[in-house]
Amino acid sequence: MGGASRRGFLAGGGALLGLGGAAVAARAGLSEAQPRTEQTGHGMHGAVAHGGGAGGPTFRIGSTVDHDANGFDPTDILRDFDYGTVSKTRDGRTQREWEIASTDKELEVAPGVKFPAWVFDGRIPGPTLRCTEGDLLRITFTNGSRHPHTMHFHGIHPAAMDGTPGLGAGLIEPGQTTVYEFDATPFGLHLYHCHVGPLAEHIARGMYGTFIVDPPQPRPAADELVMVQHGYNTTFDAEGNQLYAVNGIPFHYMREPVRVKRNELVRIYLVNVLEYDPINSFHIHGNFFDYFPTGTRLQPTEYTDTIVQGQGQRGICELRFPYPGKYMFHAHKSEFAELGWMGFFEVTE
């Protein structure tokens, strides 16, 4: 979908968003000195009130989604790691077990905008499953949706455990349960998602989550964060997204910045599952990070402030903030940022 059509969705009042940004602020008559609490119209496709101005776009001032009704909060998702139920096998291996269910669930993805999602365990993204290389993994998947689904894990495993139609258990029909069992390998940052056609729709509706396999020797201690990049095709035309987000809700980390400590090592598990756009990107202001593509090697490949990921790509970003203050992060495709994919780190002593 073209940029004009996406902007038209906003101007029509669908998401009650402000477009903000310096150029839009200038057209709206805002200046850097004006407070962000002022509401002003702009004329892209008719006047709409907005709360972004030169400080960046957000939902209309005072508008938020109902996290309690949604059943998840993106702030909690940042540091929510599910290590499963742990036991030992007869030969002494660590075994981890999870029970995951899919459901159909209406979510409020922007103030007043409801989205008929398909989800794992009631949230977008699904739970972050975490283990150590060499663990034996057992995932019991129950399909509580009205649609057939699977769970396909990135990694190395037998064909019968691939979560692909026609292999192993194949399609898991509504009401059915299956078990995926495989070894955790290789170590790195992976993902899981439904692999039922039309694949793009099943993923775009919300059927995905993060899968972390830690190396046998743990990485250095850090404040660890999960950030899953994705979008919402609210028109269901498979031609583009009208909203973009990290961890479920557009602009969430503009209102609730990610809080970190000065000079503490921060490790970001960054995953891109965006459909209907060929690439996504991550950029941070006022800092650089070491980047580990897929997390399958312990040495970074570059030191940068911007990386680009295709759909399904992921990587680990490690950095320290030497100065206190607020630092923006966002997609370095400005349209994605202005439609929801942006936020702040807040660095404290």
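Rings of Phe, Tyr and Trp form an aromatic pair if their centres lie within 6.5 Å. Planes over 60 degrees apart make the pair edge-to-face, planes under 30 degrees apart make it stacked, and the rest are tilted. In this predicted model, Tyr253, Phe282, Phe289, Tyr291, Phe321, Tyr327, Phe329, Trp341 and Phe345 form one aromatic cluster.

The structure as a whole holds 20 aromatic pairs. One of them joins Phe289 and Tyr291. Their ring centres are 6.4 Å apart and their planes meet at 70°, so this pair is edge-to-face. Phe289 has 0% relative accessibility and therefore counts as buried. Tyr291 is also buried, because its relative accessibility is 6% and the cut-off for burial is under 20%. Phe321 and Phe345 form another aromatic pair, and this one is tilted. Here the centres are 5.2 Å apart, with 45° between the planes. The pair of Phe321 and Phe345 links distant parts of the chain, 24 residues apart. Phe321 lies in the loop between β19 (314-319) and β20 (325-330), while Phe345 belongs to strand β21 (residues 342-348). Both Phe321 and Phe345 are buried.

The charged end of Arg130 sits over the ring of Phe81, 4.7 Å from the ring centre. The charged end of Lys326 sits over the ring of Phe344, and the distance to that centre is 4.7 Å.

The chain as a whole comes next. It contains seven helices and 21 strands. Of its 349 residues, 55% are buried. Contacts were also sorted by separation in sequence. Among contacts between residues at least 6 apart, 70% join residues at least 24 apart.

Strand β10 (residues 208-214) is mostly covered, with seven of its seven residues buried. In a regular strand, side chains alternate between the two faces of the sheet. In β10, Tyr208, Thr210, Ile212 and Asp214 point one way. Gly209, Phe211 and Val213 point the other way, and all of these residues are buried. Two strands pair with β10. Strand β5 (residues 126-132) pairs with β10 in the parallel sense, over five bridges. Within β5, Gly126 stands opposite Gly209 of β10. Strand β9 (residues 188-193) pairs with β10 in the antiparallel sense, over six bridges. His193 has Tyr208 of β10 as its bridge partner.

The largest nonpolar core has 35 residues. Leu107, Val109, Ile124, Tyr232 and Tyr269 have the most contacts inside this core. Strands β3 (94-110), β4 (113-120), β9, β10, β11 (223-232), β12 (243-246), β14 and β21 each supply at least two of its residues. The largest share, four residues, comes from β4. Ile124 illustrates the packing. Leaving out residues up to four places away in sequence, Ile124 touches Phe72, Ile77, Leu107, Ala117, Val119, Arg205, Gly206, Tyr208, His230, Tyr232, Asn247 and Gly248. A second, separate core has 28 residues, including Met227, Val258, Tyr291 and Leu339.

The relative accessible area of Asn272 is 1%, so Asn272 is buried. A polar contact of 3.3 Å joins its side chain to that of Asn280. The side chain of Asn272 also reaches the backbone oxygen of Gly310, at 3.0 Å. Beyond its neighbours within four places in sequence, Asn272 is in contact with Gln229, Asn280, Gln309, Gly310, Gln311, Gly312 and Gln313.

Phe292 is found in strand β16 (residues 289-293). With a relative accessible area of 6%, Phe292 is buried. Phe292 and Tyr269 are 23 residues apart in sequence. In space, their C-alpha atoms are 9.8 Å apart. Setting aside neighbours within four places in sequence, Phe292 is in contact with Arg297, Leu298, Gln299, Pro300, Gly315, Ile316 and Glu318.

Conventions:
Residues numbered from 1 in each chain as written. Predicted model: local features only at pLDDT ≥ 70, side-chain atom pairs only at ≥ 80, totals over all residues. Heavy atoms only, no water. Phe/Tyr/Trp six-rings, centres within 6.5 Å; stacked < 30°, edge-to-face > 60°. Buried < 20%, exposed > 50% of the residue type's maximum accessible area, 1.4 Å probe, protein only. Lys NZ or Arg CZ within 6 Å of the ring centre and 35° of its normal. Pairing = 2+ DSSP bridges. Polar contact = N/O pair within 3.5 Å; in protein donor to acceptor, adjacent residues only side chain to side chain. Contact = heavy atoms within 4.5 Å. Core = buried A, V, L, I, M, F, W, Y, C linked by side-chain atoms within 4.5 Å.
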